[in-house]
Amino acid sequence: MNFQLFVLKQVTEESEEVRTFKFTKKDGSVPVYKPGHFFLLRLPGEDGKPQQRSYSVASHPDEDALAFCIKLKGSFTHMLWKLKSGDTVEIDGPYGIFLLNPSDTERIFVGGGVGISALRSMIIQTVKYDNKRAWLFHSARQFDGLTYFPEMKKLAAENPHFKFNSCVTGEEKPAGWNGYCERISVPLLKQVLGTLSDKTFYLCGSKEMCGGLATALQASGVPKEHIKKDEWG
Ligand SMILES: Cc1cc2nc3c(=O)[nH]c(=O)nc-3n(C[C@H](O)[C@H](O)[C@H](O)COP(=O)(O)OP(=O)(O)OC[C@H]3O[C@@H](n4cnc5c(N)ncnc54)[C@H](O)[C@@H]3O)c2cc1C
C-alpha cells in the first residue's frame, strides 16, 4: 500500500445524506487513474488507530480534482462529514477491475443511489471521449437520491447518443414527476432498449440490485462477459 496525503479542496452537499468530496495532492496534482477505479481513504479513528474504506472515483481523469460521491452511513463516513476544506486525508490507489471495455458497441449504465459515483466517470468517458452510444438508468428511493440528476439531464440534452432514464421507487415523488416509478428490471430494460444481448451492462450499487439484475440479464440471453458489476453495501 502506498498512502499519500491529499488535501480536501471542496465539499458539495448533494442531498441530506450524500456529499461529493474533492481532493488534490499537496502540489495540486491528481494521480493517474481510469473511470471505474476505486481508491482507499484512510483517517485516524477516535482511538487513534487508522481506519480505511474504499470509494469509487466519481471524477473523470481529465478533471482537476479527485472526486468521491459518498453516502453518510457509519463510523468512517461520520468522520468524513466532520472534515473541512484544507484538511488532509491519506489516499491510496487506484485499484479495481470495474473498467470500460474499449470494444463495447453500446454501453448501458445501471446505478442504484450512490452507485452513480463510478458511473459518472465512465459516462463522461463514453459520451465525451469514446463517442459511443450510452444509456443511464438511475434509481433511488427518493428524488434527492438521484445524485447528479441535473448534470446527467444536461449531458443527455447536449449529446443525442446519450439517453438518461431515472426511477423513483419510494412513495414520495416530486410534483410533475414523469420518470419511472418502478425498480430497474429486465422487462423495463427490454421495453426501453429492445434487444439486450448485443449491449454491455455496467451495474453499480447494492449487492441486491446488481446481483439480481445480473442474474436476470444472463437468463434473458445477455452473455456473462457483457455484464460488469461493482457491488457494495
Ligand atoms: C470497491 C468499493 C467502492 C465503494 N464506493 C463507494 C462510493 O463511491 N460511495 C459510497 O458511499 N460508498 C462506497 N463504498 C462503500 C464504502 O467503502 C463504505 O463501506 C461505506 O462508506 C460505509 O462506511 P462507514 O464506515 O460509514 O459504515 P460502517 O460503520 O462500516 O457501516 C457499514 C455497514 O453498517 C450498516 N450501517 C451502518 N450505519 C448505517 C446507516 N445509517 N444506514 C444504513 N446502514 C448502516 C450497513 O449495513 C453497512 O453495511 C464502496 C465500497 C467498495 C468495496
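Ground rules first. Numbering starts at 1 along each chain as its sequence is written. As the model is predicted, local features need pLDDT of at least 70, side-chain atom pairs count only at pLDDT 80 or more, and totals for chains, interfaces and linings use all residues.

Start with the domains. Domain 1 covers 4-95 and domain 2 covers 106-231; the bounds come from an automatic or database domain assignment. Their C-alpha centres lie 24 Å apart. In contact are 14 residues of domain 1 and 14 residues of domain 2. Contact means C-beta atoms, placed from the backbone, within 7 Å. On the domain 1 side, S5 gives the most, with 3 residues.

Now the sheet. It is open, has 6 strands, and runs S4-S3-S6-S1-S2-S5 with antiparallel pairing. Strands are DSSP runs of E, at least two residues, numbered from the N terminus. Pairing takes at least two DSSP bridges between two strands.

Last, lysine 228, in strand S11 (residues 227-231). Buried or exposed? Lysine 228 counts as buried because 22 C-beta neighbours lie inside 10 Å. The cut-offs are 20 or more for buried, 12 or fewer for exposed, partly exposed in between, with C-beta atoms placed from the backbone. Leaving out residues up to four places away in sequence, lysine 228 touches Phe98, Phe201 and Tyr202.

Note on methods
Helices (H or I, at least four residues) and strands (E, at least two) are DSSP runs, numbered from the N terminus. Two residues are in contact if their C-beta atoms, placed from the backbone, lie within 7 Å.
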